[in-house]
Amino acid sequence: MIRLVGLVVAGLLAGFAGAAPAPQPTVTVLAAGDIAHCGSNGDERTARLLDRLRGTILALGDTVYESGTDEEYAECYAPTWGRHRARTRPAVGNHEYGTPGAGGFFRYFGARAGPRRGYHAFRLGAWQIVILNSNCAPAGGCGRGSPQERWLRGVLARSQAGCTLAAMHHPRYSSGLHGSDTTLTDLWRTLSAGGADVVLAGHDHHYERFALQGGMRQFVVGTGGRSHYPVVRALRGSQARNTTTYGVLRLRLAPDRYTWRFVSVAGSAYRDSGSARCH
(Lines give C-alpha, C1' and ligand atoms only; values in the text may rest on other atoms or scores of the structure.)
Protein backbone atom coordinates (compact mmCIF):
# COMPACT_ATOMS: atom_id res chain seq x y z
CA MET A 1 0.00 0.00 0.00
CA ILE A 2 2.82 2.40 0.94
CA ARG A 3 4.63 1.57 -2.31
CA LEU A 4 1.44 2.23 -4.29
CA VAL A 5 0.96 5.63 -2.65
CA GLY A 6 4.59 6.45 -3.40
CA LEU A 7 4.14 5.60 -7.06
CA VAL A 8 1.02 7.76 -7.29
CA VAL A 9 2.79 10.72 -5.66
CA ALA A 10 5.79 10.28 -7.95
CA GLY A 11 3.49 10.19 -10.96
CA LEU A 12 1.75 13.35 -9.88
CA LEU A 13 5.07 15.14 -9.34
CA ALA A 14 6.27 14.05 -12.75
CA GLY A 15 3.06 15.36 -14.27
CA PHE A 16 3.51 18.72 -12.59
CA ALA A 17 7.14 18.91 -13.71
CA GLY A 18 6.17 18.29 -17.30
CA ALA A 19 3.17 20.57 -17.31
CA ALA A 20 3.12 23.38 -19.83
CA PRO A 21 3.73 26.84 -18.36
CA ALA A 22 0.70 29.01 -17.78
CA PRO A 23 -0.07 31.19 -20.80
CA GLN A 24 0.97 34.83 -20.53
CA PRO A 25 -1.85 37.37 -20.53
CA THR A 26 -2.44 40.02 -23.18
CA VAL A 27 -1.44 43.40 -21.74
CA THR A 28 -2.22 46.95 -22.81
CA VAL A 29 0.16 49.87 -23.32
CA LEU A 30 -0.91 53.51 -23.74
CA ALA A 31 1.79 55.70 -25.25
CA ALA A 32 2.40 59.35 -26.11
CA GLY A 33 5.07 61.97 -25.59
CA ASP A 34 5.39 65.76 -25.63
CA ILE A 35 2.74 66.16 -23.02
CA ALA A 36 2.18 68.85 -20.41
CA HIS A 37 2.37 72.62 -20.55
CA CYS A 38 0.56 75.05 -18.31
CA GLY A 39 -0.33 77.15 -21.33
CA SER A 40 -1.99 74.33 -23.27
CA ASN A 41 -5.12 72.31 -22.58
CA GLY A 42 -4.04 69.45 -24.83
CA ASP A 43 -2.65 67.44 -21.92
CA GLU A 44 -5.93 67.88 -20.06
CA ARG A 45 -7.74 66.36 -23.03
CA THR A 46 -5.39 63.39 -23.36
CA ALA A 47 -5.46 62.85 -19.58
CA ARG A 48 -9.21 62.40 -19.84
CA LEU A 49 -8.53 59.57 -22.29
CA LEU A 50 -6.29 57.93 -19.71
CA ASP A 51 -9.05 58.25 -17.13
CA ARG A 52 -11.11 55.72 -19.07
CA LEU A 53 -8.39 53.52 -20.62
CA ARG A 54 -6.69 50.74 -18.70
CA GLY A 55 -3.09 49.79 -19.22
CA THR A 56 0.54 50.67 -18.55
CA ILE A 57 1.39 54.19 -19.69
CA LEU A 58 4.61 54.79 -21.60
CA ALA A 59 5.35 58.53 -21.49
CA LEU A 60 7.68 59.11 -24.43
CA GLY A 61 9.68 62.05 -23.14
CA ASP A 62 9.23 65.82 -22.91
CA THR A 63 6.72 65.00 -20.23
CA VAL A 64 6.51 68.63 -19.07
CA TYR A 65 7.56 71.95 -20.60
CA GLU A 66 9.66 73.95 -20.75
CA SER A 67 12.50 72.62 -18.62
CA GLY A 68 11.27 69.74 -16.49
CA THR A 69 11.55 71.67 -13.24
CA ASP A 70 10.05 70.52 -9.96
CA GLU A 71 7.59 73.41 -10.15
CA GLU A 72 6.50 72.49 -13.68
CA TYR A 73 5.86 68.91 -12.63
CA ALA A 74 3.83 70.08 -9.65
CA GLU A 75 1.84 72.76 -11.45
CA CYS A 76 1.54 71.51 -15.06
CA TYR A 77 1.99 67.72 -15.16
CA ALA A 78 0.61 66.56 -11.81
CA PRO A 79 -2.94 67.93 -12.34
CA THR A 80 -3.36 66.01 -15.62
CA TRP A 81 -1.20 63.00 -16.49
CA GLY A 82 0.14 63.03 -12.96
CA ARG A 83 -2.99 61.43 -11.62
CA HIS A 84 -1.83 58.30 -13.46
CA ARG A 85 1.77 58.41 -12.24
CA ALA A 86 1.49 55.06 -10.45
CA ARG A 87 1.05 53.22 -13.76
CA THR A 88 3.44 55.34 -15.85
CA ARG A 89 6.87 54.24 -17.09
CA PRO A 90 8.56 57.30 -18.64
CA ALA A 91 11.39 57.83 -21.10
CA VAL A 92 13.43 60.99 -20.63
CA GLY A 93 13.24 63.68 -23.30
CA ASN A 94 15.44 66.63 -24.20
CA HIS A 95 13.31 69.23 -22.38
CA GLU A 96 13.78 67.40 -19.08
CA TYR A 97 17.50 68.15 -19.37
CA GLY A 98 16.66 71.83 -19.10
CA THR A 99 17.03 70.99 -15.41
CA PRO A 100 20.60 69.76 -14.68
CA GLY A 101 20.81 66.00 -14.99
CA ALA A 102 17.06 65.90 -15.67
CA GLY A 103 16.76 66.09 -11.89
CA GLY A 104 13.12 67.16 -11.84
CA PHE A 105 12.16 64.18 -14.02
CA PHE A 106 13.95 61.64 -11.85
CA ARG A 107 12.67 63.15 -8.62
CA TYR A 108 9.09 63.24 -9.83
CA PHE A 109 8.91 59.72 -11.27
CA GLY A 110 11.28 58.07 -8.80
CA ALA A 111 11.82 54.35 -9.34
CA ARG A 112 9.43 54.37 -12.30
CA ALA A 113 12.07 56.28 -14.28
CA GLY A 114 14.79 53.72 -13.62
CA PRO A 115 18.43 54.63 -12.92
CA ARG A 116 19.75 58.14 -13.54
CA ARG A 117 21.45 56.96 -16.74
CA GLY A 118 17.99 57.05 -18.31
CA TYR A 119 17.73 53.51 -19.70
CA HIS A 120 16.36 50.32 -18.20
CA ALA A 121 14.25 47.26 -19.06
CA PHE A 122 11.34 45.32 -17.59
CA ARG A 123 8.92 42.54 -18.50
CA LEU A 124 5.27 43.25 -19.22
CA GLY A 125 3.24 40.11 -19.86
CA ALA A 126 5.10 38.10 -22.49
CA TRP A 127 6.95 41.17 -23.76
CA GLN A 128 10.38 42.60 -23.06
CA ILE A 129 10.10 46.38 -22.68
CA VAL A 130 13.24 48.47 -23.17
CA ILE A 131 13.33 52.17 -22.22
CA LEU A 132 16.20 53.97 -23.95
CA ASN A 133 17.79 57.36 -23.39
CA SER A 134 17.99 58.95 -26.83
CA ASN A 135 19.75 62.00 -25.36
CA CYS A 136 23.07 60.53 -26.31
CA ALA A 137 25.49 62.83 -24.45
CA PRO A 138 24.01 62.43 -20.94
CA ALA A 139 23.51 58.73 -21.63
CA GLY A 140 27.23 58.28 -22.30
CA GLY A 141 26.72 57.92 -26.04
CA CYS A 142 24.46 55.99 -28.40
CA GLY A 143 27.07 54.57 -30.78
CA ARG A 144 28.23 51.01 -31.06
CA GLY A 145 30.32 50.11 -28.03
CA SER A 146 28.84 52.86 -25.86
CA PRO A 147 27.65 51.82 -22.39
CA GLN A 148 23.99 52.04 -23.46
CA GLU A 149 24.51 50.06 -26.67
CA ARG A 150 26.46 47.33 -24.87
CA TRP A 151 23.76 47.17 -22.19
CA LEU A 152 21.03 46.94 -24.83
CA ARG A 153 22.85 44.18 -26.68
CA GLY A 154 23.11 42.22 -23.44
CA VAL A 155 19.45 42.68 -22.50
CA LEU A 156 18.30 41.44 -25.89
CA ALA A 157 20.70 38.50 -25.86
CA ARG A 158 19.52 37.34 -22.44
CA SER A 159 15.83 37.97 -23.00
CA GLN A 160 13.51 34.96 -22.92
CA ALA A 161 10.57 37.04 -24.17
CA GLY A 162 8.99 36.23 -27.49
CA CYS A 163 8.41 39.89 -28.39
CA THR A 164 10.21 43.16 -27.67
CA LEU A 165 9.11 46.82 -27.55
CA ALA A 166 11.52 49.74 -27.27
CA ALA A 167 10.48 53.25 -26.16
CA MET A 168 12.52 56.45 -26.33
CA HIS A 169 12.03 60.14 -27.01
CA HIS A 170 13.78 60.87 -30.31
CA PRO A 171 12.67 58.91 -33.40
CA ARG A 172 15.15 57.23 -35.69
CA TYR A 173 12.80 58.09 -38.56
CA SER A 174 10.36 60.97 -38.76
CA SER A 175 8.70 63.03 -41.49
CA GLY A 176 8.17 65.87 -39.03
CA LEU A 177 9.81 69.16 -38.17
CA HIS A 178 12.79 67.68 -36.30
CA GLY A 179 13.19 64.83 -38.76
CA SER A 180 15.13 61.57 -38.47
CA ASP A 181 17.83 61.23 -35.82
CA THR A 182 20.89 59.53 -37.32
CA THR A 183 22.71 59.49 -33.98
CA LEU A 184 20.42 56.57 -33.09
CA THR A 185 21.55 54.42 -36.01
CA ASP A 186 23.61 52.01 -33.92
CA LEU A 187 20.91 51.58 -31.28
CA TRP A 188 18.42 50.93 -34.09
CA ARG A 189 20.71 48.30 -35.61
CA THR A 190 21.19 46.65 -32.24
CA LEU A 191 17.42 46.53 -31.71
CA SER A 192 16.95 45.02 -35.17
CA ALA A 193 19.70 42.42 -34.70
CA GLY A 194 18.21 41.53 -31.30
CA GLY A 195 14.78 40.84 -32.76
CA ALA A 196 12.82 43.86 -31.51
CA ASP A 197 9.31 44.26 -32.94
CA VAL A 198 8.00 47.73 -32.03
CA VAL A 199 9.75 51.07 -31.47
CA LEU A 200 7.92 54.07 -29.97
CA ALA A 201 9.14 57.66 -29.97
CA GLY A 202 7.92 61.24 -29.71
CA HIS A 203 9.85 64.53 -30.15
CA ASP A 204 8.05 65.52 -33.34
CA HIS A 205 4.55 66.64 -32.35
CA HIS A 206 2.54 64.52 -34.75
CA TYR A 207 1.44 60.91 -35.20
CA GLU A 208 3.15 58.70 -37.73
CA ARG A 209 3.31 54.98 -38.42
CA PHE A 210 6.01 53.40 -40.54
CA ALA A 211 6.18 50.14 -42.44
CA LEU A 212 8.49 47.45 -41.09
CA GLN A 213 12.13 48.50 -41.25
CA GLY A 214 14.73 46.01 -40.11
CA GLY A 215 11.87 43.84 -38.88
CA MET A 216 10.57 46.62 -36.62
CA ARG A 217 7.56 48.93 -36.83
CA GLN A 218 8.18 52.46 -35.57
CA PHE A 219 5.49 54.84 -34.33
CA VAL A 220 6.02 58.55 -33.69
CA VAL A 221 3.50 59.60 -31.02
CA GLY A 222 4.28 63.19 -30.09
CA THR A 223 0.59 63.82 -29.53
CA GLY A 224 0.37 64.05 -25.73
CA GLY A 225 -0.91 67.62 -25.71
CA ARG A 226 1.85 70.24 -25.93
CA SER A 227 1.29 71.40 -29.53
CA HIS A 228 1.26 70.21 -33.13
CA TYR A 229 4.07 70.17 -35.69
CA PRO A 230 3.70 69.86 -39.48
CA VAL A 231 4.98 67.05 -41.65
CA VAL A 232 7.83 68.50 -43.69
CA ARG A 233 8.38 65.67 -46.15
CA ALA A 234 6.78 62.24 -46.06
CA LEU A 235 9.56 59.68 -45.82
CA ARG A 236 9.60 56.43 -47.70
CA GLY A 237 7.85 53.82 -45.60
CA SER A 238 5.58 56.32 -43.84
CA GLN A 239 2.15 54.68 -43.94
CA ALA A 240 -0.02 56.91 -41.74
CA ARG A 241 0.34 60.52 -40.58
CA ASN A 242 -1.71 63.08 -38.68
CA THR A 243 -0.65 66.56 -37.62
CA THR A 244 -3.80 67.98 -36.02
CA THR A 245 -5.01 65.48 -33.42
CA TYR A 246 -4.05 64.87 -29.80
CA GLY A 247 -4.33 61.32 -28.56
CA VAL A 248 -2.59 58.20 -27.34
CA LEU A 249 -1.50 55.02 -29.07
CA ARG A 250 -3.09 51.94 -27.53
CA LEU A 251 -1.19 48.71 -28.05
CA ARG A 252 -2.50 45.31 -27.01
CA LEU A 253 0.49 43.01 -26.54
CA ALA A 254 -0.30 39.30 -26.84
CA PRO A 255 2.37 36.59 -26.48
CA ASP A 256 2.97 36.35 -30.23
CA ARG A 257 1.33 39.41 -31.77
CA TYR A 258 0.20 42.98 -31.21
CA THR A 259 -2.58 45.29 -32.29
CA TRP A 260 -2.51 49.06 -32.39
CA ARG A 261 -5.09 51.82 -32.39
CA PHE A 262 -4.59 55.55 -32.21
CA VAL A 263 -7.22 56.85 -29.78
CA SER A 264 -8.11 60.49 -30.43
CA VAL A 265 -9.33 62.99 -27.85
CA ALA A 266 -13.02 63.83 -27.72
CA GLY A 267 -14.18 65.77 -30.73
CA SER A 268 -11.54 64.33 -33.08
CA ALA A 269 -12.32 61.68 -35.68
CA TYR A 270 -8.83 60.52 -36.71
CA ARG A 271 -8.17 56.79 -36.33
CA ASP A 272 -5.38 54.41 -37.26
CA SER A 273 -5.38 50.73 -36.36
CA GLY A 274 -3.94 47.39 -37.36
CA SER A 275 -2.28 44.22 -36.16
CA ALA A 276 0.87 42.18 -36.76
CA ARG A 277 2.70 39.14 -35.49
CA CYS A 278 5.98 39.27 -33.65
CA HIS A 279 8.85 38.05 -35.74
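Which disulfide, that of Cys136 and Cys142, is described by its S-S torsion as left-handed or right-handed? The torsion about this S-S bond is about -105 degrees, so the disulfide is left-handed. The model discussed here is predicted. A search of the whole structure finds three disulfides, and when the bonded cysteines of the protein chain are numbered in sequence order, the pairing reads 1-2, 3-4, 5-6.

**Cys38 and Cys76**
- The sulfur atoms of Cys38 and Cys76 are joined in a disulfide, with an S to S distance of 1.9 Å.
- This pair links distant parts of the chain, 38 residues apart: Cys38 is in the loop between strand E1 (27-32) and helix H2 (42-52), while Cys76 is in helix H3 (residues 70-77).
- The link of Cys38 and Cys76 is left-handed, with -105 degrees about the S-S bond.
- Cys76 has 8% relative accessibility and therefore counts as buried.

**Cys136 and Cys142**
- In the disulfide of Cys136 and Cys142, the sulfur atoms lie 2.1 Å apart.
- Cys136 is buried, its relative accessible area being 18%.
- Cys142 also counts as buried, at 3% relative accessibility.

**Cys163 and Cys278**
- Cys163 and Cys278 form a disulfide in which the sulfur atoms are 2.0 Å apart.
- Cys163 belongs to strand E6 (residues 163-167) and Cys278 to the segment after strand E13 (272-277), so the pair ties together parts that are 115 residues apart in sequence.
- With 110 degrees about the S-S bond, the link of Cys163 and Cys278 is right-handed.
- Cys163 counts as buried at 1% relative accessibility, and Cys278 counts as buried at 16%.

Technical notes:
Residues numbered from 1 in each chain as written. Predicted model: local features only at pLDDT ≥ 70, side-chain atom pairs only at ≥ 80, totals over all residues. Heavy atoms only, no water. Disulfide = S-S within 2.5 Å. Helix = DSSP H or I, 4+ residues; strand = E, 2+ residues; numbered from the N terminus. Buried < 20%, exposed > 50% of the residue type's maximum accessible area, 1.4 Å probe, protein only.
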